[in-house]
Amino acid sequence: MRVRATLYSPDELIYDKDFELDLLNAIVALSNFVIIPAMSYGAQLALGALGVTLIYGILRFSNFAHGDTMAFGAMVTVLVTWLFQSWGISLGPLPTALLALPFGILGCMALLLATDRVVYRFYRAQKAKPVIFVIVSLGVTFILNGLVRFIIGPDDQRFLDGERFIISARTFKEITGLREGLAFKTTQGITILTAVIVVALLFWFLNRTRTGKSMRAYSDNEDLALLSGINPERVVRVTWLIVAGLATIAGVLYGLDKSFKPFTYFQLLLPIFASAIVGGLGNPLGAIAGGFVIAFSEVTVTYAWKKVVTYVVPEDMAPDTLVQLLSTDYKLAVSFVILLIVLLVKPTGLFAGKAV
Amino acid sequence: MSSDPYSDRGNKDLSLGNPKGMGTATPVKQGGKSYPSAGGPFLIGENMTGGYGAGPDILHDCTIAVDRGEIAVIVGPNGAGKSTGMKAVFGMLNLREGHVKLDGEDITQLSPQDRVAKGMGFVPQTSNIFTSMTVEENLEMGAFIRTDDISGTMAQIYDLFPILKEKRLQAAGELSGGQRQQVAVGRALMTQPKVLMLDEPTAGVSPIVMDELFDRIIEVARTGIPILMVEQNARQALEIADKGYVLVQGRNAYTGTGKELLADPEVRKSFLGG
């Protein structure tokens, strides 16, 4: 089953059946190792970036505490999941964490409202400049960071249960008879589906409801919003509530897909900010696009292409090396480089946000 | 000014913060009480003395009033406190002396938001529309405090400004200067205000558009809404005014009907260019 392009006539290249199969194998391998993982990672980044972009647009600062907010929401979800598991409650094939998710969101909402009350509200009353808020949010980051590690510990925690695969690689091979398997994990399916639902709800809320429109109005022109009778404190409160929902969902999905470790959420801050800035800060549509751009770049640059390339090129051109541009250790560097390029070339981002 | 912890220092990086559209109104205090105080014109800022925050006084014993069915115009040289006078009536600065009364109620202590609820519509001079939102959404936001059906008011505004109906699904920021002002006035009218306050509605628009805007303002006045307006184009404004106030350095210099002021040789000499 090696790659072979047979020349039947001098004028046209006709590939034999083996090559078609090899192409199929290549596509399957590509989907298995690049497209599906990048899709779900992209969806997680997009949800994270949406939270960042909402805070930026409405509260007018880059919230460095977002990664740890995700960690906190996910932590509450993990704890409730364990409680449910100890009670023997489960969702059958689906992870129990989905059942615990609403509690995680509530916990995160309480945390964010409390932080706003204790910390941010003071600076809002002073009409403090955004850069002060940024530094304040950095302080909040460290406190949350410590809080999460204090409660659940710094180690990896597993809370995934239920069916592991929607389609496992083995089943796929048996059904199709291809050499390459295509695994589609339950968590990946849940991630993508949840992201679609959440994004649709968010856009409906922002563009169709009175409260959503008042949030956009406040983001656009605070003084005029005040003159129109929009209550700024209410806008801020609703924003935190939505951000709590987004952050917890993103955090739990990431934790289910990979694993829950407090420090990884702090590290996620870079790709999340890169996504938000690449898409255009303050622009929700941009945050989603940015999330997928970053995810696909990270995965394609750090993927070892040897397998896919071997299927596609003629046998004698098959590579000896891994054909990997960067080791996975450097995956954070990818978002950093993209961030730099975007800031240099098109600072407003792909979807023209608030102009960085 | 590094001694001021809340100054603008280190605040230029837009990837960190988003100062665009940030609020500047300082007394954002909520609440305040109003109490009945019968008599006098429909809206009056009486003997107002005060300035922004803890700053120096800008207004000195200044009185501005407008009665039902009238257009009152505030004119005067640059820096005379015209806009400040209007903002004082709207509660955007601290009055040390004087009262503001609306429809037989003393509203001196009310916050601007509460004055909107009491029936005052205010169109600021700049940033008076939501640029990223459509014309229709701008109008909807204008009616934010209303809980009843707003479609009737919106239809009235589209009748008054037909161009807005045509552009209702377009982002307000994409419109021309004159159209933006129409959106701004329309937004303020959505609350069905009892009095409309316009801060230089014709600033930065061409003379033709200016004439059209004045026509529209007269039309609004004809519907019975009293209008208090600050204007740079003194002559034209006084021509349509029932009442005119010439302010100089925060004080009432001349007061009279529009015609009287136009005929007053002193006013002509100092402010209308002879």
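Which residues does G73(A) touch, not counting residues up to four places away in sequence? Here is a short tour that starts there.

1. **A glycine in chain A.** G73(A) touches G104(A), C108(A) and T248(A), leaving out residues up to four places away in sequence; contact here means heavy atoms within 4.5 Å. G73(A) sits in helix α2 (residues 66–87) of chain A, where helices (H or I, at least four residues) and strands (E, at least two) are DSSP runs numbered from the N terminus. At 0% relative accessibility, G73(A) is buried; that word means under 20% relative accessible area, with exposed over 50% and partly exposed in between (1.4 Å probe, protein chains only). T264(A) is 191 residues away from G73(A) in sequence, and the C-alpha to C-alpha separation in space is 14 Å.

2. **What kind of model this is.** The model is predicted, so local features need pLDDT of at least 70 and side-chain atom pairs count only at pLDDT 80 or more, while totals for chains, interfaces and linings use all residues. Residues are numbered from 1 along each chain as its sequence is written, chains are lettered from A and ligands numbered from 1 in the order in which they are written, and side-chain values use heavy atoms, with hydrogens and water left out.

3. **A kinked helix.** Helix α3 (residues 97–125) of chain A has a kink of about 45 degrees centred on R117(A); the bend at a residue is the angle between axes fitted to the seven residues ending there and the seven starting there. Among the buried residues of α3(A) are G104(A) and C108(A), along with L111(A), L112(A) and Y120(A). After α3(A) comes K127(A), with a positive phi near 55 degrees.

4. **The six-stranded sheet of chain B.** Here 6 strands make an open sheet with mixed pairing, in the order β7-β8-β9-β4-β10-β11; two strands pair if DSSP finds at least two bridges between them. β7 (120–123) and β11 (251–256) of chain B are at the edges with a single partner strand each, so one side of each has no neighbour in the sheet. Inside the sheet, β4 (residues 71–75) and β9 (residues 227–230) of chain B run parallel over 4 bridges, and V73(B) has M229(B) as its bridge partner in β9(B).

5. **A helix across that sheet.** Helix α7 (residues 207–222) of chain B lies across β4, β8 and β9 of chain B, at about 155 degrees to β9(B). Axes are lines fitted to C-alpha atoms, for helices over the stretch in contact, and angles run from 0 to 180 degrees between N-to-C directions.

6. **The five-stranded sheet of chain B.** Another open sheet has 5 strands with antiparallel pairing, in the order β1-β6-β5-β2-β3. Its edge strands, β1 (35–36) and β3 (59–66) of chain B, each pair on one side only. Helix α1(B) packs on this sheet and touches β2 (43–51), β3 and β5 (94–102) of chain B.

7. **Where the chains meet.** The contact involves 42 residues of chain B and 40 residues of chain A. Together the two chains bury about 3,600 Å², 58% of it on carbon and sulfur atoms; buried area is the accessible area (1.4 Å probe) that two parts lose on being put together, summed over both. There are 2 salt bridges between chain B and chain A, each a side-chain nitrogen of Lys or Arg within 4 Å of a carboxyl oxygen of Asp or Glu. R216(A) and E137(B) form a salt bridge at 2.9 Å, N to O.
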